[in-house]
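Subject: Structure for you to look at

Hi,

As promised, here is the structure for you to open.

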Amino acid sequence: MPKRYKSELSLDELAKLQDEDIDTSDIPELDDAFWKKAVVVEPEGTEQITLRVKKSVLQAFRATGKGYQTRMNAVLESYARSLKK
């Protein structure tokens with residue numbers, strides 16, 4: 001039986017594990033019934049725009065490193081979803 005860990009493993013630690021050492025007992029089997037109901041979901045595309053933001057906001061996001069525009073979009077998307085509730 002695979003051993004349990006006291007805390008979450010980092011991505012590097014997970015990558016080093018052999019497949020047989022990963023406990024998948026809580027994951028249900030994907031049978032034919034699952035695949036018959038499966039639906040392909042296409043990701044929503046993006047649109048290039050010009051947007052004015054405060055310098056401090058842009059600097060804060062840029063300071064988080066590569067992918068900052070994706071993170072800015074995620075914040076805006078989260079806010080847009082909250083408006084629909």
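In which helix does Glu77 lie? Glu77 lies in helix H4, where helices are DSSP runs of H or I with at least four residues, numbered from the N terminus.

Before the rest, a word on conventions. This is a predicted model, in which local features need pLDDT of at least 70 and side-chain atom pairs count only at pLDDT 80 or more, while totals for chains, interfaces and linings use all residues. Residues are numbered from 1 along each chain as its sequence is written, and side-chain values use heavy atoms, with hydrogens and water left out.

Back to Glu77. Its side chain meets that of Arg81 in a salt bridge, at 3.1 Å from N to O (the term stands for a side-chain nitrogen of Lys or Arg within 4 Å of a carboxyl oxygen of Asp or Glu). Searching the whole structure gives 1 salt bridge. Both partners sit in H4 (residues 68-83), 4 residues apart, or about one turn of the helix. Glu77 counts as partly exposed because its relative accessibility is 34%, whereas Arg81 is exposed at 54% (buried is under 20% relative accessible area, exposed over 50%, partly exposed in between, with a 1.4 Å probe and protein chains only). From Glu77 to Ser10, 67 residues away along the chain, the C-alpha separation is 28 Å.

H4 also matters for the largest pocket, giving the most to its lining with 8 residues. The pocket holds about 790 Å³ of space (a pocket is an open set of points on a 1 Å grid over the protein atoms alone, where a 1.4 Å probe fits, with protein on both sides within 12 Å along at least five of seven lines; lining residues have an atom within 4 Å of a point). Of the 18 lining residues, Glu47, Ile49, Gln69, Asn73 and Leu76 lie nearest the centre.

Ile49 and Leu76 turn up again in a nonpolar surface patch of about 440 Å², together with Leu51, Val53 and Val57 (patch residues have over 30% relative accessible area and no salt bridge; like charges are joined within 9 Å, nonpolar side chains within 5 Å). Val57 belongs to helix H3 (residues 55-62) and is partly exposed, since its relative accessibility is 35%.

Finally, Ala38 is in the loop between helix H2 (32-37) and H3, partly exposed at 40%. Ala38 and Gln69 are 31 residues apart in sequence and 31 Å apart in space, C-alpha to C-alpha.

Best wishes

Key
Helix = DSSP H or I, 4+ residues; strand = E, 2+ residues; numbered from the N terminus. Points joined across faces, edges and corners; volume = space filled by probe spheres on them. Areas by Shrake-Rupley, 256 points an atom, 1.4 Å probe, with all protein chains shown as cover.
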